[in-house]
Amino acid sequence: MASSGIVKTNTVYDSYFWVKWELAGQDIAGNKSTISWSCGITPGHKFYSNAVKMSAVTINGSQVYAGGTYSNITDYKERTLASGTLDISHSSDGSKTFTVSAFSGKVWKEDSGGYLTATAAAQSFALPTIPRAT
């Protein structure tokens, strides 16, 4: 069981995209967990006008981020592009496994005159079981 996780794309042009999540709390009576999530890029180069694109992000079947295009990522620091929280209902026995669906990102490579695409496969995580009355 996990209380946090990260899914990363492969590295292209020394850069990669990621989705991170962390357990923010559990509602025992409501049989659900709340996670905090974020998505972004760790850049290996400077990117200017419309040079970074990230696809939509879906967690547990809910689209939490619609995707976007970004400019002026020039400081080489990890950049969060979006963040939020998501409630995830558990099964009647208190268990829950959820999936961060496959996603991708693109970075502009000047000398190639085009975008390079990085992808991440779907990955599943098991949340801590919520105790249920017997």
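Strands here are DSSP runs of at least two residues, numbered from the N terminus. The model you are looking at is predicted. With that in hand, let's work through some exercises together.

**Exercise 1. Where is Y13 found, and is Y13 buried or exposed, or in between?**

Step 1: Start with the strands around Y13. This residue sits in the loop that runs between β1 (4-8) and β2 (16-27).

Step 2: Y13 is not a glycine, yet its phi is positive, at about 50 degrees.

Step 3: Turn to accessibility. Partly exposed covers the range between under 20% (buried) and over 50% (exposed). Y13 has 24% relative accessibility, so Y13 counts as partly exposed.

**Exercise 2. How do β1, β2 and β3 pair?**

Step 1: Take β1 with β2. They run antiparallel and share five bridges. To find one of these on screen, look for V7, whose bridge partner in β2 is V19.

Step 2: Move on to β2 with β3. This pairing is antiparallel as well, over eleven bridges. Here Q26 stands opposite S33 in β3.

Step 3: Look at the connection. β2 and β3 make a hairpin with four residues between them. In that turn, N31 has a positive phi of about 55 degrees.

**Exercise 3. How many salt bridges does a search of the whole structure find, and which parts of the chain do they link?**

Step 1: The search returns four salt bridges. Three of them are described below.

Step 2: E78 and K20 meet through their side chains at 2.9 Å, N to O. The two residues are 58 apart, with E78 in the loop between β7 (68-70) and β8 (79-89) and K20 in strand β2. Both ends are partly exposed: E78 has a relative accessible area of 44%, and K20 one of 25%.

Step 3: D87 and K32 form another salt bridge, at 3.8 Å, N to O. Because D87 belongs to strand β8 and K32 to strand β3, the pair ties together parts 55 residues apart in sequence. D87 is partly exposed at 45% relative accessibility, and K32 is partly exposed with a relative accessible area of 28%.

Step 4: D111 forms a salt bridge with K109, and their closest N and O atoms are 2.6 Å apart. D111 is exposed, with a relative accessible area of 65%.

**Exercise 4. What is the strand order in the open sheet of four strands, and why does one side of β7 and of β11 lack a neighbour?**

Step 1: Read off the order, which is β7-β4-β10-β11, with antiparallel pairing.

Step 2: Find the edges. β7 and β11 (114-120) each have a single partner strand, so one side of each is left without a neighbour in the sheet.

Step 3: Zoom in on one pairing. β4 and β7 are joined in the antiparallel sense by three bridges, and the bridge partner of K53 in β7 is T69.

Step 4: As you follow a strand, keep a rule in mind. In a regular strand, side chains alternate between the two faces of the sheet.

Key:
Residues numbered from 1 in each chain as written. Predicted model: local features only at pLDDT ≥ 70, side-chain atom pairs only at ≥ 80, totals over all residues. Heavy atoms only, no water. Buried < 20%, exposed > 50% of the residue type's maximum accessible area, 1.4 Å probe, protein only. Pairing = 2+ DSSP bridges.
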